[in-house]
Amino acid sequence: MPGTICKSSNERGAFGLVVSRGCPYNRCAFCDLYKDTTYREVPLERIEAELRRVHDVGGTPTNLMLGDGDALHMDMDRLMAILDLIGRYLPSVERVTSDATVPSIARKTDGELRELRRRGYAMVYVGIETGLDDVLCQMHKDHTNDQAREQVRRLHAAGFELGAHIMTGVAGAGRGAENARATARLLNELRPSFITNFNLGVNPLTELGRWEREGRFVRASDLECMEEERLLVSGLAIDTVFEGYHTKHVACGEEVAAGDGPEWQRAITQWVHTKAKLPEGRERILAKLDASIAQLREAQASAARPEPVCC
Ligand code: SF4
C-alpha cells in the first residue's frame, strides 16, 4: 500500500502498515514530507486486505510501524480495530510503533494510553525538534516545550517508549551552540530511548525555503551544524541511542544557494552518519564529528587563502 513512513534506523526491519495518509497537521515550515498529500484515513477493509496479503505470503514480522505521519492522531475505536486486525492476521507482531505529535498524545486519556500499550503499541517517535520555544513558534510547530514535557510524562507513565526527532540547524545561523545546549537539556528531561537528528535541510519548495529566499531565515553552515551536534551529544546525560544525519557540501564550500531543485541536489556531496549507544559510544561519535569539523575548517581556511600569484 503506497505511503510515506518516516522511519529511523531503529525501525528499519519493521513492517510498515499505512493506516492513514499524510499528516493531519502538515503546517511545519520546514517539512516537505506530505505537502502534496491531503490527510485521510485508509479504509479498514484495505488495511485488512493488506494484512491478509502479508499473512498469506507467510510474513511473520515481529515489529510493525503504523504510517504515515501521525497514526496516534486517529480515534481510539479505529486504533483498537486496527490492533485487533494486526493480532488476527499477524500474531507474530510483538511491538507496534508509529510517529506521533505532542497534540496527538494529548488527545488520548491516561486510560486510553495504557490500553494501547497493553495491546502492543510500544513506542512513538515525536518531532521534538528543538529546546528553544521561540524556534518552535517560528517554525509553526504544533507544541511548546512545556506541552512536550507534560505529554511525554504521560506517555512514560503509560509505559510507552519515546523516540525523539530533533534538527540541528533549525535555529538558523549563529544559534547552533544555544540550540545544542537547550535541546540537550530538554532531551535529558524527556529521556527518549532513541534520538534521531535529521539536520535541517531547506527544501526551496517549503515555507522555510521562501523565507530563506526573502532573507528572513539564514541557514547555519555545515560547520556550525556539526559543531552543534558535537555540543549536543556532549551534553546528553541519559542512556539512549543517538543517531545523526548530516549533509556535507564539500564541493561547494559552505555556501550552498537554495536555488532550483537540480542545483540544490548537486550541491549535496557527502552524508555524515553518526550512531552509537550513549554514554559508552559517545567518544566514537565525537571522533567522527571532529574529523568532519576539521575537514570543513580546512576547506573554509583554504577558501579564504589568496590564490598564489604565478609569474
Ligand atoms: S507534524 Fe511532522 S509530519 Fe506533520 S508537518 Fe510537522 S514535521 Fe511534518
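UniProt positions are given here in the numbering used for this structure, feature names are shortened, and annotations may be inferred rather than shown by experiment. With that in mind, UniProt lists residues 9-236 as "domain: Radical SAM core" in an unreviewed entry. This is a predicted model, in which local features need pLDDT of at least 70 and side-chain atom pairs count only at pLDDT 80 or more, while totals for chains, interfaces and linings use all residues. Residues are numbered from 1 along each chain as its sequence is written.

Let's follow the chain through that span. The end C-alpha atoms of residues 9-236 lie 20 Å apart, and the span is 42% helix and 17% strand. Helices (H or I, at least four residues) and strands (E, at least two) are DSSP runs, numbered from the N terminus.

Now look at two helices. The axes of helix 7 (residues 176-190) and helix 9 (residues 222-235) come within 8 Å and cross at roughly 25°. Axes are lines fitted to C-alpha atoms, for helices over the stretch in contact, and angles run from 0 to 180 degrees between N-to-C directions. Helix 7 is therefore roughly parallel to helix 9, a label for angles under 35 degrees.

Next, visit some backbone details. Gly-67 and Asp-68 are joined by a cis peptide bond with omega of about 5°, and Asp-68 is found in the loop between strand 4 (63-67) and helix 2 (76-89). Another cis bond runs from Leu-278 to Pro-279, with omega near 10°. Pro-279 lies in the loop between strand 10 (270-278) and helix 11 (282-304).

Key:
Angles under 35 degrees count as roughly parallel, over 145 as roughly antiparallel, 65 to 115 as roughly perpendicular and the rest as oblique.
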